Protein chains: 2
Amino acid sequence: MPAAPTPRPPSLTERTIEAVRDGIRNGTFVPGELYSVYQLADRLAVSRSPVREALLRLAETGMVTIEKNRGFRVVLPGARELAEIMAVRVALEVPAAAHAARRAGPQDREALEKEREAMQQAVLDGDEGTFLLHDQHLHGLLLNLAGNSRTIRIIANLRDATRLVGMSTIRTSRSLEEVYAEHLPILTAVEHSDAEAAARAMRRHLESTGKLLLRGAATENDDVDRLWEDYVG
Amino acid sequence: MPAAPTPRPPSLTERTIEAVRDGIRNGTFVPGELYSVYQLADRLAVSRSPVREALLRLAETGMVTIEKNRGFRVVLPGARELAEIMAVRVALEVPAAAHAARRAGPQDREALEKEREAMQQAVLDGDEGTFLLHDQHLHGLLLNLAGNSRTIRIIANLRDATRLVGMSTIRTSRSLEEVYAEHLPILTAVEHSDAEAAARAMRRHLESTGKLLLRGAATENDDVDRLWEDYVG
DNA sequence: TGCGTAGTAGTAACATGTTACCCATGGCGA
DNA sequence: TCGCCATGGGTAACATGTTACTACTACGCA
């Protein structure tokens, strides 16, 4: 494991970030509602400094917006934002998949296979939370294989902004099985060290699930396919 | 102009970021040297809070590293880092150029033409500082045309990390003229709304100047072409 | 009723105090 | 000579105080 760049206990700032994320997931923070930074600091029993920093970072990723002298709001990304995000993901993850296919060694494939199995199990259990978790792990493994740390960081940030939408979307669309199936060609291509095929499969996967996300967030004014064409092309 | 999201005076944090950038450019901060956050705060006559935040942000972009309980250092990206950065730029800017070609209107082309002229003048003057400035403006215009705000932000961050290297590299290689010439096919393609050609030209440009940068930063252990192949592919 | 305006609550941004921690150094004993 | 540990300088992270704004509110005037 090349990990462990931060073996020391998470700072209050980091814990606050996590707390806000959790709060968003479990409904403590309702998207659109206005919240006070001071009160949040009180609730978490920390001072305003780490809370302030945490919110600034979350705002950078687009997860919350800060309204000057008013407080902060949790933001659900709209269809346009999601289209932008998916455009970046496609641009970065498609070539990353190709690289991964070229560079994967036996132990890498084993790790991928493990995630695949976990995903499959989650499908059988109908557990979309676990499914999304392993889905992200799998994409993370591929990015790690590609070896570009900048890409990894960028995608991690984007993921944050979409996770919330993903949860609700994928559930209502009942397509765990389909999304799972889309991963298989990617893994097969990696298995065969076929970079071209891996890229194609990844693109297809991102397009498919991306449009699913877009549809979940689209209003009647949004033309999902047109948005996709405009941003991702 | 859809700009002006921050019409208010820059905060001390922002001014500190700028101060550090300037300091790096004009040699006040020597790469590799260790500097004290406290002393920097004193020197700028501000408190530690904004300086701390500024350095944290700069550290995120990779421009400086923070050594725990020791201070901070300015980092010159190595060949590997540059390869990673260029990989991201290629992945994002090549499709962006295609989009830009599709969407450019008359006034957009006029703006691009203005930058081209300014670049040309800078070439004639042998002024690589001005040249790089307009080069960045031109790339910025294309990204704006493509319309993805995430992409814009990401590239802006990457630029920061490379600017320093670019300055010294492009001067020694005396290739202002060549780099300028590489932009022309891109602009021609945009003029003709030829997305494919724009993408090709942008890729070629980024590959050429990217390798130039890599060579400038490479040690005897680095094989530039191999690095490029590994990361950008 | 409509509108400007003083008043008020609440905050962003910054300054400063505090604590625990890390690292380098030098003395000391084996 | 080498390794160990106490010590002190210096910092990261956090807590808290302070100030200048900003957006809302309500009041009074037309």
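Modeller: A polar side-chain atom of N69(A) sits 2.8 Å from a sugar or linking oxygen of DNA strand D, a polar contact (a pair of N or O atoms within 3.5 Å). The model is predicted, so local features need pLDDT of at least 70 and side-chain atom pairs pLDDT 80 or more, while totals for chains, interfaces and linings use all residues. Residues count from 1 along each chain as written, chains are lettered from A and ligands numbered from 1 in written order, and side-chain values use heavy atoms, without hydrogens and water.

Colleague: What does the side chain of N69(B) reach on DNA strand D?

Modeller: A base oxygen, 3.1 Å from an N or O atom of that side chain.

Colleague: Switching topic: how many salt bridges between chain A and chain B?

Modeller: The count is 2, a salt bridge being a Lys or Arg side-chain nitrogen within 4 Å of an Asp or Glu carboxyl oxygen. E53(A) pairs with R52(B), with the closest N and O atoms 3.5 Å apart.

Colleague: How many residues are in contact there?

Modeller: 29 of chain A with 31 of chain B, contact meaning heavy atoms within 4.5 Å. E60(A), E84(A) and R150(A) supply 23% of the area chain A buries against chain B (accessible area, 1.4 Å probe, lost on putting two parts together, summed over both).

How values were computed: Polar contact = N/O pair within 3.5 Å; in protein donor to acceptor, adjacent residues only side chain to side chain.
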